[in-house]
Amino acid sequence: MMKILGCALIFALVFKTESMSIDTAIKNANENSMAYDLVSSESSRIVRKEYDILMTLDEYIEEEKERMEEKMGKRKKRKAIRDTRRRWPSNTIPYEIAASTFSSSALNEINAALNEWRTQTCLTFPQRNGEAAAIRFQNGDGCSSFVGRTGSVQPISLANGCRVRRIITHEIGHAVGYWHEQSRPDRGGFVQIIEDNIAPGLQFNFEELPTSQVNTFDVPYDYLSVMHYGARAFSVNNGITVRTIDQSFQNRIGNAPGLSFRDIKLANLMYNCAGSCPAQNCPGEGFVGKDCRCKCPTGDPNNPVQNCQGTPVATTTSAPSMSTTPPTTTPTTPSVTECGDMNRFCGFWAQFGFCSRSRYMMMNCKQSCNKCNAARVCEDMGNSCSWLRDNGLCDNRFLRNYMENSCAATCGFCEAGQLLDANGQSGASKVGSATLLFALPLVMLIIIGM
Ligand SMILES: [Zn+2]
């Protein structure tokens, strides 16, 4: 009899969890397992915010500082480097499951969520085999995950109530590197936060992330994301806390059945899933998938992606013209500030030596051009900088762009707070005087070449 009742209870719980918004399911699981909204103890130094995001106390403090600095108009770039490190190398996320924690149905849900990520992206999830960094599904207080790779075995806690595929997909999303959709720096154009309805003291759960922390890869804001919370998250009075500016989405946020088209696209871009595919333009919001075919939205949340026809980009024997940047990949939002490639052809162009010849490449293809450190270290990228400076060319209006990009250290164009390169001086000192004779023609060539 007890067994029947128990089964009925579990069935009711699972059924109910399936029908409630993602944040409500997580919140209920937190409350039932006595997890609180912001847990911080000096011993663990772990903070939980937005119901399910874990951070170290140090990270939380740093994020707060960045937010303040950004509000005050100061821009900081170093964070982006740290975030790049938080991606999983070789697109591989080893996983393990705490022994004897989950029922067979819960294990099925975990596997279904892993398979969803496996199918739609180029991420692989092998069973952990001694790797230092991995995710670990375990029981815990509530449901939670760190954002991105921490470098050690990081928990994905799944209390009762969170052991359904879409919630697990969401928590894996954090480990992959996703924040909550409603925290995006550009959310102001899409949702309005109704402060009056938020439980007192919980407003911090709706803070916008600083632009330095989020790389949207130009994927537009997504009401249908599995990372989006529902309309009443953190509500004190059951009133709406998240109002969608497009009202047709008001009842749809927080109810994603799994990864949305844009969720899938973001992971494919973040992990460069089409890195070895021939370049092609896909229609509309389409992107090139790991099988090198264009993927387009279907409009069906349960089956969000379909193959579509792309147009090959001419890649004969010569490199594509730098003057014809493909329109679909031109960065348009200022929120993309992480050191990375802003254009999916960066790697291709870099192979043809455009890094040293193109200002566009220096600005937008830092990853492919191995210039990610440039955000932290202000250094000279060109030769003969001292000679150019000594001849008064730092401020020459025709050379200004080149000098800013190539001789920033020598010409004193570094931003406040940036470091000079390791030697504290330009590369010119290492260059023989014979090369200096060629400096000016070289510069002219570069300008013409662009
Ligand atoms: Zn979450």
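**View 1. The protein chain as a whole.** The protein chain has 14 helices and 15 strands, where helices (H or I, at least four residues) and strands (E, at least two) are DSSP runs numbered from the N terminus. This is a predicted model, in which local features need pLDDT of at least 70 and side-chain atom pairs count only at pLDDT 80 or more, while totals for chains, interfaces and linings use all residues. Residues are numbered from 1 along each chain as its sequence is written, and side-chain values use heavy atoms, with hydrogens and water left out. Of the 450 residues, 47% count as buried, that is, under 20% relative accessible area with a 1.4 Å probe, protein chains only.

**View 2. The zinc site.** The zinc ion is coordinated by Asp 52 through two OD entries and by the NE2 atoms of His 170, His 174 and His 180, at 2.0 to 2.4 Å; donors are N, O and S atoms within 2.8 Å of the metal (3.2 Å for Na, K and Ca), and because water is not among the atoms, sites may look incomplete. The donor residues follow the spacing D-x117-H-x3-H-x5-H in sequence. His 170 belongs to helix 6 (residues 165-176) and His 180 to the loop between helix 6 and strand 7 (191-193), so the pair ties together parts that are 10 residues apart in sequence. Both His 170 and His 180 are buried.

View 3. Strand 11 (residues 294-297) pairs with strand 12 over four bridges, and Cys 296 has Gln 306 in strand 12 as its bridge partner.

Technical notes. Pairing = 2+ DSSP bridges. Buried < 20%, exposed > 50% of the residue type's maximum accessible area, 1.4 Å probe, protein only.
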